[in-house]
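I am opening my notebook for a new protein today. I will jot down what I look up, one topic at a time.

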Amino acid sequence: MQSPRATLSQHRVLVGAPLAVVEFMSPLSDRLSSGMGTGVQEQRATLGQGEVLPLDSPSQAEGSYEGLRHTRSVLNSLFSGALAGALAKTAVAPLDRTKIIFQVSSARFSAKEAYRLIYRTYLKSGFLSLWRGNSATMVRVIPYAAIQFCSHEQYKGLLGGYYGFQGKVLPPVPRLLAGSMAGTTAAMVTYPLDMVRARMAVTPKEMYSNILHVFVRISREEGLKTLYRGFTPTMLGVIPYAGLSFFTYETLKKVHAERSGRPHPYSYERLAFGACAGLLGQSASYPLDVVRRRMQTAGVTGHTYGTILGTMKDIVSEEGVVRGLYKGLSMNWVKGPIAVGISFTTFDLTQILLRKLHQMGYTAR
């Protein structure tokens, strides 16, 4: 404890010497700073324990927004693709069913015979019988088209980033590759449904009552392996078919934009581009389409087809090259362009509509 004299002398120094004031206040300032620092550290420790949640950094917020936008883009592509496939296949279902019946039989194809078959089916079983097997088609086509269109958008993004064309039209080779990869991905996932659809199209209603019945009977009587019969020719056929279809459609849109100055074609122009794409794609892969149909329906037609080359050899020896491997191609030239045109147009227009709806909802908020 300091004496009164020491205290008095200290006060005199404070009054008489400014430098001494600084020296006297320095320890006090250090103590205050130390106390404030301790308080800040305690506050930081308290925040770290989760009592008050800190705000996200700009980079974290941007990453969260990018993830949300990507998810929305994928969902939009899946929905647009599913709707496109459903509308396209339903529109041409009677022609598609007639084509399959001729593909799996040895009867000679002609436009007149195809018309007679459609007319006889209508008289015997009614108008809706022309869409027999379309439910199985929808079960296959909806996931197939959704996966194909969605994966095509994803592959375009990946290849665009790899080749430095992000957000732009891809060069020819990556453009062809993106379509082929999209078709292969979709076909691999949905192939058993394609097998079921082919069986329902060529058999009477009494044989298979519904889709589940087809799966059960094939599994019991022919084995699960039968569900993948014709898988190899399907994969070999879908590579040129999907590749050329997407390549042709994207190329025609690119050329149109460059020459017309309009980034978005009219609806009838999209239909025409899709028709050209379908015509080229299906013509290139048609023989393999005939082979896979023969292999898929071998269990109900009485034939035994084991390999692709063996099936082709049997078809050619019995029916010839053109009449066998290209049977029904003329009908496909009618059916295919219509279906592919509707499919591509529906997908594009649905994508545009969904983007506009999102922008309107975002602006409203």
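This is a predicted model: local features need pLDDT of at least 70, side-chain atom pairs count only at pLDDT 80 or more; totals for chains, interfaces and linings use all residues.

How much accessible surface does the protein have, and what share of it belongs to carbon and sulfur atoms? I looked it up: the surface comes to about 20,900 Å², and 65% of that belongs to carbon and sulfur atoms.

**Entry 1**

I found a mean pLDDT of 80 for the protein, with 80% of the residues reaching 70 or more. Among the elements, helix α9 (residues 231-260) has the highest mean pLDDT, 93, while helix α1 (residues 4-16) has the lowest, 42. I also marked residues 4-53, where pLDDT stays under 50. For that stretch the model has eight contacts beyond four places in sequence.

**Entry 2: the overall build**

Of the 365 residues, 38% count as buried. I then looked at contacts with a separation of 6 or more, and 77% of them are between residues 24 or more positions apart.

One case of this kind is N76, which I found in helix α3 (residues 58-91). N76 and Q351 are 275 residues apart along the chain, yet their C-alpha atoms are separated by 6.7 Å. Leaving out residues up to four places away in sequence, N76 touches Q351 and L354.

**Entry 3: the nonpolar cores**

Which residues make up the largest nonpolar core? I listed 11 of them: Y286, L288, V290, V291, M295, A298, Y305, I308, I315, L325 and L329. Two elements give two or more residues to this core, α10 (267-296) and α12 (308-319). Helix α10 gives the most, with five residues.

Not counting residues up to four places away in sequence, I315 touches V290, R294, G320, G324 and L325. Apart from this core lies another one of 10 residues, including A84, F246, V340 and F347.

**Entry 4: covered places and a surface patch**

I went through helix α4 (residues 93-103) and found it mostly covered, with nine of its 11 residues buried. Among the buried ones are D96, R97 and K99, along with I100 and F102.

Next I checked S151 in helix α6. Is S151 buried or exposed? Its relative accessibility is 9%, so S151 counts as buried, the cut-off being under 20%. Beyond its neighbours within four places in sequence, S151 is in contact with A182 and T185.

The surface has a nonpolar patch too, formed by Y115, Y119, Y122, L123, F127 and L128. Together these residues have about 740 Å² of accessible area. F127 lies in the loop between α5 (111-125) and α6 (134-163). I noted F127 as partly exposed because its relative accessibility is 48%.

**Entry 5: salt bridges**

A reminder for myself: side chains of opposite charge can pair when their charged atoms come close. How many salt bridges does a search of the whole structure find? The search finds 18, and I followed three of them.

- D194 and R292 meet through their side chains at 2.3 Å, N to O. D194 is in helix α7 (residues 172-202) and R292 in helix α10, 98 residues apart. Both D194 and R292 are buried.
- E222 and R199 meet at 2.9 Å, N to O. E222 sits in the loop between α8 (211-221) and α9, R199 in helix α7, and they are 23 residues apart. E222 counts as partly exposed at 26% relative accessibility, whereas R199 counts as buried at 0%.
- D348 and R270 have their closest N and O atoms 2.7 Å apart. D348 belongs to helix α14 (residues 329-364) and R270 to helix α10, so this pair ties together parts that are 78 residues apart in sequence. D348 counts as buried at 12% relative accessibility, and R270 is buried with a relative accessible area of 3%.

Note on methods:
Residues are numbered from 1 along each chain as its sequence is written. Side-chain values use heavy atoms; hydrogens and water are left out. A nonpolar core is a set of buried Ala, Val, Leu, Ile, Met, Phe, Trp, Tyr and Cys residues joined through side-chain atoms within 4.5 Å. Buried means under 20% relative accessible area, exposed over 50%, partly exposed in between (1.4 Å probe, protein chains only). Helices (H or I, at least four residues) and strands (E, at least two) are DSSP runs, numbered from the N terminus. Contact means heavy atoms within 4.5 Å. Patches are made of residues with over 30% relative accessible area and no salt bridge: like charges are joined within 9 Å, nonpolar side chains (Val, Leu, Ile, Met, Phe, Trp, Tyr) within 5 Å. Accessible areas come from the Shrake-Rupley method with a 1.4 Å probe; for residues, only the protein chains shown count as cover. A salt bridge is a side-chain nitrogen of Lys or Arg within 4 Å of a carboxyl oxygen of Asp or Glu. pLDDT is the predictor's confidence in each residue, from 0 to 100.
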